Structures are given as structure tokens and as C-alpha cells.
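Here is my note on this model. Please read it with the structure open.

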Amino acid sequence: MTSALIAEGLSKRYGRRFALKDCTLDIPAGHVVGLVGPNGAGKSTLLQLACGLLGPTSGRIEVLGARPASGSAQVGFVAQDTPVYANLSVADHLRMGAHLNPSWDTGLAERRIAQVGLDPAQKAGKLSGGQRAQLALTVAAAKRPNLLLLDEPVAALDPLARRNFLQGLMELAAEQGMSIVMSSHLVADLERVCDHLIVLVASRVRVAGDVDDLLATHHRLVGRRRDTANLGTGQALIEQSHTAVQSTLVVRSTAPIVDASWQVDRLDLEDIVLAYMSGATGGGSDRVLEGQR
Ligand SMILES: Nc1ncnc2c1ncn2[C@@H]1O[C@H](COP(=O)(O)OP(=O)(O)OP(=O)(O)O)[C@@H](O)[C@H]1O
């Protein structure tokens, strides 16, 4: 398996504050990867390190087998604020893309512009936020990069445009073999399109892996109140909450849960992401203390 991105002990610091800390990842090529985490977790920082707009404070990052270089034809990046040139028309953006990129795919660009209903003559400065996002994605995709990095690309899109956009992404990945890494707060969307997920919380990677594997190995256990120090071997506690009589845990376990005193439920991806986010904030242990009062 080849890697789209490898990070080892990757950190980025601004003054005394870490935007990303000790991040170790191996993102397989040819996948659609979701990057989630709360505001300020470090998602944009990781994407900017990956496209060479930022350099690491320490550690190593390799993208498609090389050190990231800003402007690489192999890597497409759409920043959170979907930058376009306000005074240029949609058609001007496509002409400029064709001029600057040897691997420019005119057919793909024109097809997408028509699909999303953009008027080629319209000035980019007059487009809505969602339309600008569609234009920026089209320009990035038509470069035919091997890796496409998207920072919250669907935030400005209406639900129908979002569904079409995500459908388009899946087609790009399937037809062109493009690797895609996309940050978003909309986990339900990511569950539909991503086959790999990274959860970043407070500058650190909390979990990363194939979505199918994450769904198969995380469980919610509900049972009579008990001490979580005695979990079965191979079970990692992700989140816990307790009432006076009942304990509710989220655990990661590769082996089946055999303790019949637990009711065991499956989790969806959103449940898993929320468990990592709240487990990391210490919410779980606060709730233990509250239950013991
Ligand atoms: N240029 C900068 N100077 C100082 N601090 C910065 C800078 N850029 C980011 N940070 C800090 O680094 C941390 C991570 O920021 P980042 O933008 O990567 O988070 P994010 O996960 O993308 O957040 P959001 O979901 O809100 O977009 C934040 O605490 C932020 O304040």
C-alpha cells in the first residue's frame, strides 16, 4: 500500500502555543479521508503543512513520497476561505488554470462548471459563497492532482449542493484515482463519502483509521454501575458516564465483548467522533465524580 501522506512527530508551534503537536499518521493513497475535530484543533494547520504553505516546527511530513512544496502540480489545495480572483470571470479562472497547469483537464473543468450551474461570464466577486466554493474546487480538481486537500469545502453549500459536491468528490476519487483529504464539521456527510477518518483534538491525533474498522471496533456498553478499572483485556476506554446505578461506556475493542452483564450497542461515526472529543476534554471523569456524590 502506498501512502498519500506520512507524518512523524509532526509539530507546528506559534510562539508558545502548539497548533499541531506530535502528529504521527500514515494516510493510504486512493482514499477519501475525513479530518474532524473541534474549532482550533489543528485541522487547517495539518492541511497547510501538507500543501507546503507552512513548514513544521519539528518532525517530518512527506506527501506522495516527497517533502511538501507549495505550488506542486501533484497536490491541489482549496483553503477554507475558497480564494478566487474577484475581478476575473468564471471562464477566466478556467483559462488561467489551463495556462498554468500542464495537466489541466479542460473537459473536466467545463463539465463541472455546467453541472453546478455557474455562468462562465460571471465575475467571481459576484458569486455566492457556495458558488465560489464550487469554482475553487473545479479549478483544484481540473489540475488533476494526485492528492486533493480541501479545508471545510462544504461549509457554505446548501444541502442539495452539498450532496452533489460530495457525489462529485466520490466520482473524482473513483474515476481519477485521486486521494482526497477533507476537513469538515459535518460528520454525517463524512460517513457517506469517507473510507478513512482522522480525529484531531487539541492539536493531537486522537484516532485515525479505516471507517469500517472504526465502526467494527467501537461499542457502547450500558450496564449496572461499576468501576472502569476492571475492563476486559484489549478494551480501551474512550468515554464514560455514570449515574448512581448505571454506567455507560464507549470502548474500543478488536475482540467481541463477552461480558453478558453489559448491553452492547453499535455506534455510528458521529457517536465515535463525539466520544473522542468529549473523552479528551475530561468530560467523562467529571461525570464519574458527579455520579459518586
Ligand atoms: N498564524 C497563526 N498564528 C498564531 N496562532 C495560530 C495561527 N494559525 C493558527 N493558530 C492557532 O493554532 C490552533 C489551530 O488552528 P487551526 O486553524 O489549525 O484549527 P482548525 O482545527 O482548522 O479550526 P477550525 O475548525 O476553527 O477551522 C488554534 O489555536 C489557532 O488559534
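1. The core. The largest nonpolar core holds 76 residues. Such a core is a set of buried Ala, Val, Leu, Ile, Met, Phe, Trp, Tyr and Cys residues joined through C-beta atoms within 7 Å. Buried means that 20 or more other C-beta atoms lie within 10 Å of a residue's own, with C-beta atoms placed from the backbone. Val33, Ala50, Leu149, Ile180 and Leu197 have the most contacts inside this core. Helix H4 (residues 129-142) gives the largest share, eight residues. Helices are DSSP runs (H or I, at least four residues), numbered from the N terminus. The core lies between domain 1 (3-202) and domain 2 (214-292), because both give residues to it. Those bounds come from an automatic or database domain assignment.

2. Basis. This is a predicted model: local features need pLDDT of at least 70, side-chain atom pairs count only at pLDDT 80 or more, and totals for chains, interfaces and linings use all residues. Residues are numbered from 1 along each chain as its sequence is written.

3. Val33. Leaving aside neighbours within four places in sequence, Val33 is in contact (C-beta atoms, placed from the backbone, within 7 Å) with Ile27, Ile180, Val181, Met182, Cys194, His196 and Ile198.

4. Helix H1. Seven of the eight residues of H1 are buried. Among them are Lys43, Thr45 and Ala50. Gly52 follows H1, with a positive phi near 85 degrees.

5. The ligand. The residues around the ligand include Tyr14, Ala19, Lys43, Ser44 and Thr45; the cut-off is a C-beta atom, placed from the backbone, within 6 Å. H1 (residues 43-50) supplies the largest share of this shell, three residues.

Terms used. Helix = DSSP H or I, 4+ residues; strand = E, 2+ residues; numbered from the N terminus. Buried ≥ 20, exposed ≤ 12 C-beta atoms within 10 Å, placed from the backbone. Contact = placed C-beta atoms within 7 Å.
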